[in-house]
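Please open the structure in your viewer and keep the selection panel handy. We will walk from one stop to the next, and at each one I will say what to select and what is there.

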Amino acid sequence: MPSVEKTKRAAKKAPPPAKKAGKAPAAARPRSAPPPAKPQNGNGNVRQQPDARGKYVYCIIQASEPLRFGPLGIGIEPAEVHTVNYRDIAAVVSDTPMEVHDPTRENVLAHERVNETVMRKHTVIPMSFGTVFKTRDDIVELLRSAYDAFHDVLDKMQDKLEFGLKVLWDRDVMVREIEHQDEDVRRLKQEISAQKGSTYFARMQYGRLVDAALQAHSEKYVAEIFVALRDVAVASRANKPIGDKMIMNAAFLVARDKEQAFDQRVKEIGARFDKLTFKYTGPWPPYNFVNIRLKLERAKEK
């Protein structure tokens, strides 16, 4: 039977690692997700300053007036989340100690909780986990200096969401299918089983043929899935599969008004490829399709 598992916003799982905030949105290209971003601030490394207070930045949005989102932010007692505005864009922030924020489950989920709440009504440019600035003025300078880049990305990402799709198979089942379909593989297996002496060269040849066949099957499945989802997605990105069972690890950028169509298409593909398992998550902020590089001079030590 086909298997399509979907987790809406993956509430109990850590979110896909965010890419460091970059110069233009990435188009279709290869959330496997990169390793979690190292804790940082906008002006260099954060020093441990227990008594100092800074601003933790979650994302950038389009907003002309100050907004408040409630006690959702990082901290033992969730911090109040609000905006720091410049012209018609804003950073979504909360007050925080000037210290390195460890990427614990609680912290990462708090970071994602804010992004998920904000993205319900706004297009977001997600920032890397652990992005901290010293002062409100530093954030205004960020928004001012990168205004054109932020505005361009917000326009391109308007009303678009990210969905993750991982496809897995049972390798042993596929090998048995290959042995059944491929005459050369079947003959080598029978030869290996029948020989009483050394079967080293036969085993080597068998292994090469099976690996090549698995690779060909995998590429065929992945290509067909991308083609089937092309007309319900704005863009796609193929990331590196994780482990032996995963053959596809992809992110798709989907327009809000196409979410149901995308969801239905994934289900249809899952029913067609009954030997594959689909793990489907979202919606997410467009982590895999935003690449804003922040170039700020290091703030003077106070």
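## Stop one: aromatic pairs

Ten aromatic pairs are counted when rings of Phe, Tyr and Trp (its six-membered ring) are paired if their centres lie within 6.5 Å, with planes under 30 degrees apart called stacked, over 60 edge-to-face and the rest tilted. Start by selecting Tyr-56 and Tyr-58: their ring centres are 4.7 Å apart and the planes stand at 45°, so this pair is tilted. Both Tyr-56 and Tyr-58 are buried (buried means under 20% relative accessible area, exposed over 50%, partly exposed in between, with a 1.4 Å probe and protein chains only).

A word on the ground rules before moving on: this is a predicted model, in which local features need pLDDT of at least 70 and side-chain atom pairs count only at pLDDT 80 or more, while totals for chains, interfaces and linings use all residues. Residues are numbered from 1 along each chain as its sequence is written, and side-chain values use heavy atoms, with hydrogens and water left out.

Next, select Tyr-221 and Phe-273. Their ring centres lie 5.4 Å apart with planes at 85°, so the pair is edge-to-face. This pair links distant parts of the chain, 52 residues apart: Tyr-221 belongs to helix α6 (residues 200-229), and Phe-273 to the loop between α7 (259-272) and β12 (276-284). Helices (H or I, at least four residues) and strands (E, at least two) are DSSP runs, numbered from the N terminus. Tyr-221 is buried, with a relative accessible area of 12%, and Phe-273 is buried too, at 8%.

For a group of rings, select Phe-163, Phe-226, Phe-252, Phe-262 and Tyr-280, which form one aromatic cluster.

Now select Arg-87 and Tyr-147. The charged end of Arg-87 sits over the ring of Tyr-147, 4.1 Å from the ring centre; the rule asks for NZ of Lys or CZ of Arg within 6 Å of the ring centre and within 35 degrees of the ring normal.

Which residues are buried in helix α3? They are Tyr-147, Phe-150, His-151, Val-153 and Leu-154. These residues cover an arc of only 165° around the axis, which puts them on the same side of α3; the arc is that of the directions from the helix axis to the C-beta atoms.

## Stop three: salt bridges

Searching the whole structure gives ten salt bridges, each a side-chain nitrogen of Lys or Arg within 4 Å of a carboxyl oxygen of Asp or Glu. Select Lys-55 and Asp-95, whose closest N and O atoms are 2.6 Å apart in a salt bridge. Here too distant parts of the chain are linked, 40 residues apart: Lys-55 is in strand β3 (residues 49-62) and Asp-95 in strand β6 (residues 89-98). Buried or partly exposed: what is Lys-55? Lys-55 counts as buried at 14% relative accessibility, whereas Asp-95 is partly exposed at 37%.

Then select Arg-144 and Glu-141, a salt bridge with its closest N and O atoms 2.7 Å apart. Both residues lie in helix α2 (residues 136-145), three residues apart, about one turn of the helix. An α-helix has 3.6 residues a turn, so residues three or four places apart point the same way. Arg-144 is partly exposed at 43%, as is Glu-141 at 34%.

Arg-171 is in helix α4 (residues 171-181) and Asp-211 in helix α6, 40 residues apart. For a network of salt bridges, select Asp-231, Arg-265 and Glu-268.

## Stop four: two strand residues

Select Asn-249 in strand β11 (residues 246-255). Asn-249 is buried, at 3% relative accessibility, and a polar atom of its side chain lies 3.2 Å from the backbone oxygen of Lys-240.

Finish with Leu-161 in strand β9 (residues 160-169). Leu-161 is buried, with a relative accessible area of 3%, and its C-alpha atom is separated by 5.2 Å from that of Val-254, 93 residues apart along the chain.

## Zooming out

With the whole chain in view, look for seven helices and twelve strands. Of its 302 residues, 49% count as buried.

Technical notes. Polar contact = N/O pair within 3.5 Å; in protein donor to acceptor, adjacent residues only side chain to side chain.
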